[in-house]
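Please read them with the structure open.

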Amino acid sequence: MFRKSQQLYEKARKFIPGGVNSPARAFRAVGGNPLFIDRGKGSRIYDVDGNGYLDYVGSWGPLILGHCHPEVMAALRDVLETGTSFGASTEREVELAELIHQAFPSVEKVRLTSSGTEASMAALRLARAFTGRSMILKFEGCYHGHGDSLLVKAGSGVATLGLPDSPGVPSELARLTLTCPFNHLPAVEEAISRHKDKIGAVILEPVVGNMGCVPPQPGFLEGLRAITRQQGALLVFDEVMTGFRIAYGGAQERFGVQPDLTILGKVIGGGLPVGAYGGRDEIMSRLAPVGPVYQAGTLSGNPLAVTAGLTTLKILQRPGTYQGLERLADQLRVGLTRAANGAGVSVRVNHVGSMFTVFFTPGDSGIEPAQPGEGAGAPVTDFPSAKRSDPERFSRFFWDMLQRGIYLPPSQFEAAFLSTAHTPSDIEQTVTAAAEVFAEWSR
Ligand code: KE4
């Protein structure tokens, strides 16, 4: 079933560390070897052995329109005729900047980069420069790319200084990053009062995708907005995953809380490399060449990537797009939890818009699901509760579903994504596959 993938994997390991260009693709969390993909079309991808799958990874979020959307592909074919890169400004990047500003009013000015990591690193440098404060506060389970200041884990206790979360991150730098539990405002209040006037930025995924999908508890985002405003720290929403995903205007539209800086990526590149960061002019004007804060990029605003992004965002503006995604997500969530409950399998399905995660948490919580279709498993509201999910069960679910033509993210601690290319019958196929798997488990 995976012979050619296996051969390619063996060859890839000779020239690429672990055979992959990003660890998330290595299937380490689920065991086995990574698939090599040959092509995608609509809601499906096909591996090099010709196996077809309903794709719920969507390149980790960018493919909100599915694979090979005809209008995106046509726009790319046209722009290819004009060249690939000039290292000079083009009209389209101005159009994309304007469109981002229209979707995110808090973003008065925006700078394009080639990845979310670049955008996160630059946003923090800018926040430190603007506030004159070197410390930042992040949340356990949130991922903001692989910048040194963000590969930091919590020290012992809540508000202690950070420890490197990867070799190569200097402890001197890690100590400038505090880590708090997500959805725990008191911990943030303690951290900020302990390090008064030293914290320049509080950065978070407003809906976390990188511990699996974990929504903000009511009042959490509003509380962070109030605390940071009071303390003079910048509130930074990393909307690389949520931007144009959970609403056209991202989490700040969906939850009505505006940050000082916003980080974007994934969807705004339509599957090509684009990141972005932006905020009010007073902050962004500190950036070179206007101000002294330096950030640059050879391929920032690349014409091909910007064209794919622009075309994608314009399609997302069409009426009913997000309602359609919500309907598919509801159909999937209710179907999955009904299948699990019917087989006595304990799951908790977290979801916001078209991003979701099936957590295999214990069923002994006794806590009724907040809404139908969330399942009877213990709630997942932060990283410790996410880690209560049974990784063995998730891994078994991943492979049992793959065998049935359903490609889920190869990790319990990742979000899955729907696209506008998914159909109700795709959802039915997915729910049927899950029901077969859960029934098999309970035999
Ligand atoms: P990139 O540098 O990968 O473009 O973006 C980093 C990033 C920043 N912020 C958030 C909220 C993100 O989710 C990401 C990247 N997400 C991972 C998957 N969770 C990308 C997959 C990978 O690393 O291969």
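1. The crossing of the pair is right-handed. Please keep in mind throughout that this is a predicted model.

2. Which residues make the contact between α13 and α14? From α13 they are Arg393, Arg396, Phe397, Asp400 and Met401. From α14 they are Thr430, Ala433, Ala434, Val437, Phe438 and Trp441. Sorted by class, the contact of α13 with α14 holds seven nonpolar, one polar and three charged residues.

3. Helix α10, residues 303-316, packs with helix α2, residues 70-80. The angle between α2 and α10 is about 150° and their axes are 9 Å apart. Angles over 145 degrees count as roughly antiparallel, so α2 is roughly antiparallel to α10. Their crossing is right-handed.

4. On the α2 side, the contact with α10 is made by Glu71, Val72, Ala75, Leu76, Val79 and Leu80. On the α10 side, it is made by Pro303, Leu304, Thr307, Ala308, Thr311, Thr312 and Ile315. The contact of α2 with α10 comprises nine nonpolar, three polar and one charged residues.

5. Helix α10 also packs with helix α3, residues 91-103. Here the angle is about 40° and the axes are 10 Å apart. Helices α3 and α10 are therefore oblique to each other. The crossing of α3 and α10 is left-handed.

6. What does α3 bring to its meeting with α10? Arg92, Glu93, Glu95, Leu96 and Leu99 of α3 meet Val306, Thr307, Leu310, Leu313 and Lys314 of α10. By class, the contact of α3 with α10 has five nonpolar, one polar and four charged residues. Thr307 of α10 is in the contact with α2 and also in the contact with α3.

7. The ligand has 16 residues around it, of which Ser22, Thr117, Asn210, Asp238 and Glu414 come nearest. For Thr117, an N or O atom of the side chain is 2.7 Å from an oxygen atom of the ligand. For Glu414, an N or O atom of the side chain is 2.8 Å from a nitrogen atom of the ligand. The side chain of Lys266 likewise has an N or O atom 3.0 Å from a nitrogen atom of the ligand.

8. Ala288 and Pro289 are joined by a cis peptide bond, with omega about 5°. Pro289 sits in the loop between α9 (281-284) and α10. Phe27 is not a glycine, yet its phi is positive, at about 65°. Phe27 lies in the loop between α1 (3-15) and β1 (37-41).

How values were computed. Residues numbered from 1 in each chain as written. Predicted model: local features only at pLDDT ≥ 70, side-chain atom pairs only at ≥ 80, totals over all residues. Heavy atoms only, no water. Axes fitted to C-alpha atoms, helices over the stretch in contact; angles between N-to-C directions. Helix = DSSP H or I, 4+ residues; strand = E, 2+ residues; numbered from the N terminus. Parallel < 35°, antiparallel > 145°, perpendicular 65-115°, else oblique. Left-handed = near helix turned anticlockwise from the far one by under 90°. Contact = heavy atoms within 4.5 Å. Nonpolar A, V, L, I, M, F, W, Y, C, P; charged D, E, K, R; others polar. Near = heavy atom within 4 Å. Polar contact = N/O pair within 3.5 Å; in protein donor to acceptor, adjacent residues only side chain to side chain.
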